[in-house]
Amino acid sequence: ASSALRERMLENERLLRGVAGLMTANPATSRAQWRNYLYTAQLDELPPGTQSVGYAPLTAQPQVEPVIAAARADGLTDYWIRPAGLRSLYAPILYVEPLAGRNARAAGFDLLSDPSRRAPLEAARDSGERRLTRGQCSTRSRAVRSASHVRCGCRLSPPPKIGTNTS
């Protein structure tokens, strides 16, 4: 079982490295180009057990409005960064696939606003190595907490590129 889990993690890491290479080679990659690359690299489906793959650019406060405008121009017409508030640095989810259900609701969420997500992102940035969050569980709604609505998982974070969308 541990070797199967290790292989799944390595498959996800390879996918993330490919996506990172795409975004480094062409920082102006559109949402359609990103999606096409992702599904071409994965033969039209994500690795087993993978709920989604996303891209969250490091964004300095002066670049928040241009990122929002670009996302809206790229088809995410109701895109905004949340939670609201003035911060020096953001990592808003810009692209996520598959873009449906709760994944679609994730678009715009600032990963750096949540301490459980911020710590592994900063550790990945500082070390230059991937980091895995602790297991996280969420429910569809705070009012609904039955076992059938609880989703658990973790987030694998490659090292973010320092300076991405911060000029």
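The exercises below work through the packing and the confidence of one predicted model.

Residues are numbered from 1 along each chain as its sequence is written, and side-chain values use heavy atoms, with hydrogens and water left out. In this predicted model, local features need pLDDT of at least 70 and side-chain atom pairs count only at pLDDT 80 or more, while totals for chains, interfaces and linings use all residues.

**Exercise 1. Find which residues of the largest nonpolar core touch the most other members.**

Step 1: A nonpolar core is a set of buried Ala, Val, Leu, Ile, Met, Phe, Trp, Tyr and Cys residues joined through side-chain atoms within 4.5 Å, where buried means under 20% relative accessible area (1.4 Å probe, protein chains only).

Step 2: Among the 21 residues of this core, those touching the most other members are Trp 34, Leu 38, Val 53, Tyr 79 and Leu 94. At least two core residues come from each of α1 (2-25), α2 (31-41), β1 (53-55) and α3 (64-73), the elements being DSSP runs (helices H or I, at least four residues; strands E, at least two) numbered from the N terminus.

Step 3: A second, separate core has 7 residues, including Leu 58, Ile 93, Leu 111 and Leu 121.

**Exercise 2. Explain where the buried residues of α2 lie around its axis.**

Step 1: The buried residues in α2 include Trp 34, Leu 38 and Tyr 39.

Step 2: Because they cover an arc of only 120 degrees around the axis (taken from the directions from the helix axis to the C-beta atoms), they lie on the same side of α2.

Step 3: The buried residues of α2 pack against α1, β1 and β4 (95-97).

**Exercise 3. Classify the ring pair of Trp 34 and Tyr 95.**

Step 1: Rings of Phe, Tyr and Trp (its six-membered ring) pair if their centres lie within 6.5 Å, and planes under 30 degrees apart count as stacked, over 60 as edge-to-face and the rest as tilted.

Step 2: The ring centres of Trp 34 and Tyr 95 are 5.4 Å apart and the planes stand at 35 degrees, so the pair is tilted. The pair joins helix α2 to strand β4 across 61 residues, and both Trp 34 and Tyr 95 are buried.

Step 3: Ring pairs bring Tyr 55 into a cluster with Trp 34 and Tyr 95.

**Exercise 4. Decide where the model calls for caution.**

Step 1: The chain averages a pLDDT (the predictor's confidence in each residue, from 0 to 100) of 79, with 77% of the residues scoring at least 70.

Step 2: Confidence is highest in α3, at 96, and lowest in strand β7 (residues 150-153), at a mean of 46. The pLDDT stays under 50 over residues 139-152, and is below 50 over residues 162-167.

Step 3: Where pLDDT is low, the predicted coordinates should not be read in detail.

Conventions
Buried means under 20% relative accessible area, exposed over 50%, partly exposed in between (1.4 Å probe, protein chains only). Contact means heavy atoms within 4.5 Å.
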